[in-house]
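Let's walk through a pocket and a core in this one. Have the model open as you read.

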Amino acid sequence: MIQPYRFGWFDWFCLWYPPGWLILFNRHWQHYKPDVNGWNGLEYGLFLLPGGFYLALALRWLRLQVRSLVQPSAPILTTEPDPVYQKAFQEEILTPIVDRYFRATLHGLERLPANGPLLVAMNHAGMCFPWDFVSLGLLLSRQRDWSVQPLAHPIFFDHPWLMWWLPRGWAHVLGGVRAERQSLAVTTHTSHAKARVLLYAPESWRGLSKGWQQRYQLATFDPSFLRLSLRDRVPVLPVVCIGSELLHPLTLNLPWLARWLGMPLFPLSPLVLVFVLFPSMGVWAMRTRLQYHIQPIQQPWEQAAPDAKQTSTRTTYQMAAALRSQLQTVIDQLRRKGSERVEICQSDDESG
(Lines give C-alpha, C1' and ligand atoms only; values in the text may rest on other atoms or scores of the structure.)
Protein backbone atom coordinates (compact mmCIF):
# COMPACT_ATOMS: atom_id res chain seq x y z
CA MET A 1 0.00 0.00 0.00
CA ILE A 2 1.37 3.41 -1.00
CA GLN A 3 1.82 5.81 1.89
CA PRO A 4 0.28 9.32 1.64
CA TYR A 5 2.44 12.03 0.13
CA ARG A 6 4.13 14.05 2.85
CA PHE A 7 5.30 17.61 2.30
CA GLY A 8 9.00 18.10 2.96
CA TRP A 9 10.99 21.33 2.98
CA PHE A 10 11.52 21.12 -0.79
CA ASP A 11 7.77 20.78 -1.42
CA TRP A 12 7.01 23.84 0.71
CA PHE A 13 9.72 25.70 -1.17
CA CYS A 14 8.13 24.70 -4.50
CA LEU A 15 4.77 25.92 -3.25
CA TRP A 16 6.31 29.28 -2.33
CA TYR A 17 8.48 29.62 -5.46
CA PRO A 18 6.34 30.04 -8.64
CA PRO A 19 8.54 27.94 -11.00
CA GLY A 20 8.24 25.08 -8.51
CA TRP A 21 4.52 24.39 -8.91
CA LEU A 22 5.20 22.17 -11.92
CA ILE A 23 7.75 20.25 -9.84
CA LEU A 24 5.18 19.74 -7.11
CA PHE A 25 2.60 18.33 -9.56
CA ASN A 26 5.08 15.90 -11.10
CA ARG A 27 6.64 14.79 -7.80
CA HIS A 28 3.20 13.99 -6.42
CA TRP A 29 2.31 11.99 -9.54
CA GLN A 30 5.51 9.97 -9.43
CA HIS A 31 4.93 9.15 -5.75
CA TYR A 32 1.74 7.29 -6.66
CA LYS A 33 2.49 6.38 -10.28
CA PRO A 34 6.25 5.85 -10.82
CA ASP A 35 7.12 6.82 -14.38
CA VAL A 36 10.63 6.21 -15.71
CA ASN A 37 9.86 8.55 -18.61
CA GLY A 38 8.98 11.50 -16.36
CA TRP A 39 11.18 14.31 -15.09
CA ASN A 40 14.01 13.45 -12.67
CA GLY A 41 15.76 15.23 -9.81
CA LEU A 42 18.45 16.99 -11.86
CA GLU A 43 15.86 18.30 -14.29
CA TYR A 44 13.70 19.53 -11.42
CA GLY A 45 16.63 21.55 -10.13
CA LEU A 46 17.08 23.18 -13.53
CA PHE A 47 13.43 24.31 -13.48
CA LEU A 48 14.34 26.72 -10.70
CA LEU A 49 17.01 28.55 -12.69
CA PRO A 50 16.38 31.25 -15.34
CA GLY A 51 16.35 29.46 -18.69
CA GLY A 52 17.07 26.14 -16.99
CA PHE A 53 13.83 24.58 -18.20
CA TYR A 54 15.14 24.52 -21.77
CA LEU A 55 18.26 22.63 -20.70
CA ALA A 56 16.11 20.26 -18.62
CA LEU A 57 13.90 19.65 -21.67
CA ALA A 58 16.93 18.83 -23.81
CA LEU A 59 18.34 16.48 -21.16
CA ARG A 60 15.04 14.66 -20.79
CA TRP A 61 14.62 14.29 -24.54
CA LEU A 62 18.16 12.89 -24.83
CA ARG A 63 17.55 10.53 -21.88
CA LEU A 64 14.37 9.18 -23.47
CA GLN A 65 16.12 8.66 -26.79
CA VAL A 66 18.86 6.61 -25.14
CA ARG A 67 16.28 4.65 -23.14
CA SER A 68 14.34 3.80 -26.30
CA LEU A 69 17.51 2.23 -27.75
CA VAL A 70 18.29 0.23 -24.63
CA GLN A 71 14.70 -0.64 -23.66
CA PRO A 72 12.44 -0.31 -26.72
CA SER A 73 9.26 -1.37 -24.89
CA ALA A 74 8.93 0.99 -21.93
CA PRO A 75 5.96 0.34 -19.62
CA ILE A 76 2.88 2.41 -20.43
CA LEU A 77 0.90 3.79 -17.50
CA THR A 78 -2.88 3.68 -17.59
CA THR A 79 -4.61 6.99 -18.24
CA GLU A 80 -8.11 6.03 -17.11
CA PRO A 81 -9.81 8.27 -14.50
CA ASP A 82 -8.55 7.31 -11.05
CA PRO A 83 -10.83 8.38 -8.15
CA VAL A 84 -8.22 7.28 -5.60
CA TYR A 85 -5.55 9.50 -7.09
CA GLN A 86 -8.03 12.33 -7.57
CA LYS A 87 -8.77 12.27 -3.84
CA ALA A 88 -5.07 12.19 -2.96
CA PHE A 89 -4.30 15.08 -5.31
CA GLN A 90 -7.15 17.15 -3.88
CA GLU A 91 -6.17 16.59 -0.26
CA GLU A 92 -2.39 16.75 -0.58
CA ILE A 93 -1.77 19.31 -3.35
CA LEU A 94 -4.89 21.31 -4.14
CA THR A 95 -5.97 21.96 -0.55
CA PRO A 96 -2.94 24.08 0.46
CA ILE A 97 -3.03 25.94 -2.87
CA VAL A 98 -6.78 26.65 -2.86
CA ASP A 99 -7.02 27.47 0.86
CA ARG A 100 -3.76 29.31 1.53
CA TYR A 101 -2.94 30.83 -1.84
CA PHE A 102 -6.24 31.47 -3.64
CA ARG A 103 -8.24 31.75 -0.38
CA ALA A 104 -11.30 30.38 -2.15
CA THR A 105 -14.72 30.67 -0.51
CA LEU A 106 -18.14 29.35 -1.50
CA HIS A 107 -21.20 31.57 -0.86
CA GLY A 108 -24.88 30.67 -1.05
CA LEU A 109 -24.58 27.10 0.23
CA GLU A 110 -28.32 27.05 0.94
CA ARG A 111 -28.84 26.98 -2.86
CA LEU A 112 -26.65 23.91 -3.32
CA PRO A 113 -28.86 20.89 -4.12
CA ALA A 114 -28.51 17.75 -2.07
CA ASN A 115 -28.31 15.41 -5.05
CA GLY A 116 -26.92 15.24 -8.56
CA PRO A 117 -26.35 14.89 -11.45
CA LEU A 118 -25.74 18.54 -12.19
CA LEU A 119 -24.31 20.94 -14.77
CA VAL A 120 -22.45 23.81 -13.09
CA ALA A 121 -22.22 26.83 -15.44
CA MET A 122 -19.69 29.48 -14.40
CA ASN A 123 -18.01 32.54 -15.88
CA HIS A 124 -14.41 31.92 -16.91
CA ALA A 125 -11.43 34.28 -16.86
CA GLY A 126 -7.75 34.50 -16.03
CA MET A 127 -5.85 33.78 -19.27
CA CYS A 128 -3.89 31.05 -17.52
CA PHE A 129 -4.20 27.55 -16.05
CA PRO A 130 -7.94 27.17 -15.19
CA TRP A 131 -7.58 27.61 -11.43
CA ASP A 132 -11.06 29.10 -11.14
CA PHE A 133 -12.62 25.76 -12.16
CA VAL A 134 -10.10 23.59 -10.32
CA SER A 135 -10.76 25.48 -7.08
CA LEU A 136 -14.54 25.29 -7.50
CA GLY A 137 -14.31 21.53 -8.04
CA LEU A 138 -12.49 21.14 -4.73
CA LEU A 139 -14.97 23.32 -2.83
CA LEU A 140 -17.98 21.44 -4.22
CA SER A 141 -16.50 18.03 -3.45
CA ARG A 142 -16.11 19.12 0.18
CA GLN A 143 -19.80 19.99 0.47
CA ARG A 144 -21.28 16.93 -1.26
CA ASP A 145 -20.29 13.37 -2.03
CA TRP A 146 -20.04 14.17 -5.73
CA SER A 147 -17.77 13.19 -8.58
CA VAL A 148 -16.90 16.69 -9.86
CA GLN A 149 -15.44 16.74 -13.37
CA PRO A 150 -14.31 19.85 -15.26
CA LEU A 151 -15.01 20.09 -18.97
CA ALA A 152 -11.70 20.93 -20.66
CA HIS A 153 -10.61 21.87 -24.16
CA PRO A 154 -8.80 19.04 -26.02
CA ILE A 155 -5.63 21.14 -25.80
CA PHE A 156 -5.31 20.09 -22.14
CA PHE A 157 -5.12 16.47 -23.30
CA ASP A 158 -3.22 16.65 -26.59
CA HIS A 159 -1.05 19.76 -26.86
CA PRO A 160 2.69 18.87 -27.09
CA TRP A 161 3.68 21.54 -24.57
CA LEU A 162 1.37 20.21 -21.87
CA MET A 163 2.37 16.62 -22.64
CA TRP A 164 5.95 17.60 -21.76
CA TRP A 165 5.04 19.75 -18.78
CA LEU A 166 2.72 17.26 -17.10
CA PRO A 167 2.57 13.45 -16.98
CA ARG A 168 0.94 11.59 -19.85
CA GLY A 169 -2.83 11.41 -19.30
CA TRP A 170 -2.67 13.73 -16.27
CA ALA A 171 -5.86 15.66 -17.05
CA HIS A 172 -7.83 12.49 -17.85
CA VAL A 173 -6.67 10.63 -14.74
CA LEU A 174 -7.79 13.60 -12.61
CA GLY A 175 -11.30 13.39 -14.07
CA GLY A 176 -11.14 15.97 -16.85
CA VAL A 177 -13.68 15.55 -19.65
CA ARG A 178 -12.81 16.48 -23.21
CA ALA A 179 -15.07 19.19 -24.62
CA GLU A 180 -16.32 16.90 -27.36
CA ARG A 181 -19.78 15.50 -28.04
CA GLN A 182 -18.75 11.86 -27.72
CA SER A 183 -17.00 12.38 -24.38
CA LEU A 184 -19.98 14.30 -22.99
CA ALA A 185 -22.37 11.53 -24.02
CA VAL A 186 -20.29 8.90 -22.24
CA THR A 187 -19.94 11.06 -19.12
CA THR A 188 -23.64 11.82 -18.71
CA HIS A 189 -24.79 8.25 -19.36
CA THR A 190 -22.21 6.28 -17.40
CA SER A 191 -23.46 4.99 -14.06
CA HIS A 192 -21.34 5.81 -11.03
CA ALA A 193 -21.53 5.34 -7.28
CA LYS A 194 -21.34 9.09 -6.81
CA ALA A 195 -23.52 11.73 -8.44
CA ARG A 196 -21.75 13.25 -11.43
CA VAL A 197 -21.28 17.00 -11.57
CA LEU A 198 -19.88 18.58 -14.72
CA LEU A 199 -18.17 21.99 -14.52
CA TYR A 200 -18.95 23.95 -17.66
CA ALA A 201 -17.77 27.32 -18.99
CA PRO A 202 -20.56 28.71 -21.23
CA GLU A 203 -18.19 31.46 -22.47
CA SER A 204 -15.74 28.81 -23.66
CA TRP A 205 -12.39 30.25 -24.81
CA ARG A 206 -14.07 33.59 -25.49
CA GLY A 207 -14.21 34.17 -21.77
CA LEU A 208 -10.66 33.08 -21.08
CA SER A 209 -9.24 35.24 -23.88
CA LYS A 210 -11.33 38.42 -23.52
CA GLY A 211 -8.45 40.34 -21.95
CA TRP A 212 -8.02 42.70 -19.04
CA GLN A 213 -10.17 45.54 -20.38
CA GLN A 214 -13.25 43.29 -20.63
CA ARG A 215 -12.55 41.20 -17.53
CA TYR A 216 -15.94 41.92 -15.95
CA GLN A 217 -17.98 41.60 -19.16
CA LEU A 218 -19.35 38.16 -19.94
CA ALA A 219 -18.72 36.91 -23.47
CA THR A 220 -21.43 35.23 -25.54
CA PHE A 221 -22.67 31.96 -24.02
CA ASP A 222 -22.48 28.81 -26.10
CA PRO A 223 -25.86 27.01 -25.70
CA SER A 224 -24.37 23.50 -25.88
CA PHE A 225 -24.69 23.07 -22.11
CA LEU A 226 -28.41 23.82 -22.38
CA ARG A 227 -28.86 21.25 -25.13
CA LEU A 228 -27.15 18.71 -22.90
CA SER A 229 -29.38 19.71 -19.98
CA LEU A 230 -32.53 19.44 -22.08
CA ARG A 231 -31.55 16.10 -23.57
CA ASP A 232 -30.77 14.37 -20.27
CA ARG A 233 -32.97 16.45 -17.92
CA VAL A 234 -29.93 17.55 -15.90
CA PRO A 235 -30.44 20.74 -13.82
CA VAL A 236 -28.13 23.72 -14.35
CA LEU A 237 -26.51 25.38 -11.34
CA PRO A 238 -25.20 28.86 -12.26
CA VAL A 239 -22.18 30.09 -10.29
CA VAL A 240 -20.51 33.50 -10.42
CA CYS A 241 -16.78 33.72 -9.69
CA ILE A 242 -15.18 36.99 -8.58
CA GLY A 243 -11.39 37.21 -8.45
CA SER A 244 -10.47 34.95 -11.36
CA GLU A 245 -9.73 38.04 -13.50
CA LEU A 246 -6.69 38.66 -11.25
CA LEU A 247 -5.08 35.26 -11.90
CA HIS A 248 -3.13 36.84 -14.77
CA PRO A 249 -3.75 40.61 -14.63
CA LEU A 250 -3.04 43.31 -17.24
CA THR A 251 -3.20 40.84 -20.12
CA LEU A 252 -3.84 41.35 -23.81
CA ASN A 253 -4.62 38.48 -26.18
CA LEU A 254 -2.72 38.14 -29.48
CA PRO A 255 -4.98 35.92 -31.65
CA TRP A 256 -2.63 35.84 -34.66
CA LEU A 257 0.27 34.58 -32.57
CA ALA A 258 -2.00 32.06 -30.86
CA ARG A 259 -3.05 30.65 -34.26
CA TRP A 260 0.59 30.41 -35.36
CA LEU A 261 1.48 28.46 -32.21
CA GLY A 262 -1.58 26.24 -32.41
CA MET A 263 -3.05 27.64 -29.21
CA PRO A 264 -6.54 29.05 -28.50
CA LEU A 265 -5.02 32.21 -26.99
CA PHE A 266 -1.69 33.92 -26.38
CA PRO A 267 -1.65 36.26 -23.36
CA LEU A 268 0.69 39.23 -23.41
CA SER A 269 1.54 40.98 -20.15
CA PRO A 270 4.61 42.01 -18.14
CA LEU A 271 4.60 38.48 -16.68
CA VAL A 272 5.31 36.98 -20.11
CA LEU A 273 8.95 38.05 -19.80
CA VAL A 274 9.17 35.97 -16.63
CA PHE A 275 7.45 33.03 -18.33
CA VAL A 276 10.06 33.07 -21.09
CA LEU A 277 12.79 32.57 -18.48
CA PHE A 278 10.72 30.12 -16.40
CA PRO A 279 8.38 28.10 -18.70
CA SER A 280 7.53 25.82 -15.76
CA MET A 281 5.37 28.69 -14.45
CA GLY A 282 2.70 27.71 -16.98
CA VAL A 283 0.64 26.09 -14.21
CA TRP A 284 1.14 29.00 -11.80
CA ALA A 285 -1.09 32.07 -11.34
CA MET A 286 -1.07 35.29 -9.34
CA ARG A 287 -2.35 35.19 -5.78
CA THR A 288 -5.97 36.30 -5.53
CA ARG A 289 -9.14 35.70 -3.53
CA LEU A 290 -11.56 33.48 -5.45
CA GLN A 291 -15.14 34.02 -4.32
CA TYR A 292 -17.89 31.78 -5.69
CA HIS A 293 -21.53 32.82 -5.46
CA ILE A 294 -24.07 30.06 -6.08
CA GLN A 295 -27.22 31.16 -7.93
CA PRO A 296 -30.71 29.56 -7.95
CA ILE A 297 -30.79 26.22 -9.74
CA GLN A 298 -32.52 26.11 -13.12
CA GLN A 299 -34.36 23.39 -15.02
CA PRO A 300 -34.32 24.53 -18.67
CA TRP A 301 -36.89 21.95 -19.81
CA GLU A 302 -39.52 23.82 -17.80
CA GLN A 303 -38.98 26.84 -20.05
CA ALA A 304 -39.40 24.85 -23.26
CA ALA A 305 -42.74 24.49 -24.98
CA PRO A 306 -44.50 21.43 -23.51
CA ASP A 307 -45.78 20.23 -26.90
CA ALA A 308 -42.40 20.61 -28.66
CA LYS A 309 -40.61 17.32 -29.38
CA GLN A 310 -37.26 19.06 -29.59
CA THR A 311 -36.22 22.53 -28.47
CA SER A 312 -35.11 24.64 -31.42
CA THR A 313 -31.63 26.08 -31.79
CA ARG A 314 -33.05 29.58 -31.63
CA THR A 315 -34.72 28.83 -28.30
CA THR A 316 -31.53 27.47 -26.73
CA TYR A 317 -29.61 30.56 -27.87
CA GLN A 318 -32.29 32.77 -26.30
CA MET A 319 -32.12 30.79 -23.05
CA ALA A 320 -28.31 31.06 -23.03
CA ALA A 321 -28.51 34.82 -23.62
CA ALA A 322 -31.02 35.18 -20.78
CA LEU A 323 -28.75 33.30 -18.36
CA ARG A 324 -25.81 35.41 -19.44
CA SER A 325 -27.80 38.57 -18.72
CA GLN A 326 -28.73 37.28 -15.26
CA LEU A 327 -25.15 36.45 -14.34
CA GLN A 328 -23.90 39.77 -15.71
CA THR A 329 -26.33 41.55 -13.38
CA VAL A 330 -25.02 39.54 -10.42
CA ILE A 331 -21.41 40.38 -11.33
CA ASP A 332 -22.23 44.09 -11.56
CA GLN A 333 -24.00 43.98 -8.18
CA LEU A 334 -21.10 42.18 -6.50
CA ARG A 335 -18.64 44.70 -7.94
CA ARG A 336 -20.71 47.61 -6.59
CA LYS A 337 -20.90 46.01 -3.16
CA GLY A 338 -17.14 45.47 -3.20
CA SER A 339 -16.53 49.10 -4.14
CA GLU A 340 -18.86 50.30 -1.38
CA ARG A 341 -17.01 48.20 1.22
CA VAL A 342 -13.69 49.67 0.09
CA GLU A 343 -15.06 53.23 0.35
CA ILE A 344 -16.43 52.54 3.86
CA CYS A 345 -13.08 51.15 5.02
CA GLN A 346 -11.26 54.16 3.58
CA SER A 347 -13.62 56.61 5.28
CA ASP A 348 -13.22 54.76 8.58
CA ASP A 349 -9.44 54.99 8.28
CA GLU A 350 -9.62 58.71 7.55
CA SER A 351 -11.97 59.39 10.47
CA GLY A 352 -9.80 57.29 12.78
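Q: Which helix gives the most to the lining of the second largest pocket?
A: This is a predicted model, where local features need pLDDT of at least 70, side-chain atom pairs need 80 or more, and totals for linings use all residues. Numbering runs from 1 along the chain, and side-chain values use heavy atoms, without hydrogens or water. Helices here are DSSP runs of H or I, at least four residues, numbered from the N terminus. With five lining residues, the top contributor is helix 8.

Q: What is the volume of the second largest pocket?
A: A pocket is an open set of points on a 1 Å grid where a 1.4 Å probe fits, with protein on both sides within 12 Å along at least five of seven lines; lining residues have an atom within 4 Å of a point. Volume is the space filled by probe spheres set on those points, joined across faces, edges and corners. That gives about 870 Å³.

Q: Where does this pocket lie relative to the domains?
A: Domain bounds come from an automatic or database assignment. Both domains give lining residues, so the pocket lies between domain 1 (9–69) and domain 2 (83–304 + 311–344).

Q: Which residues have the most contacts inside the largest nonpolar core?
A: A core joins buried (under 20% relative accessible area, 1.4 Å probe) Ala, Val, Leu, Ile, Met, Phe, Trp, Tyr and Cys through side-chain atoms within 4.5 Å. Among its 66 residues, they are Trp131 and Tyr292.

Terms used: Helix = DSSP H or I, 4+ residues; strand = E, 2+ residues; numbered from the N terminus. Buried < 20%, exposed > 50% of the residue type's maximum accessible area, 1.4 Å probe, protein only.
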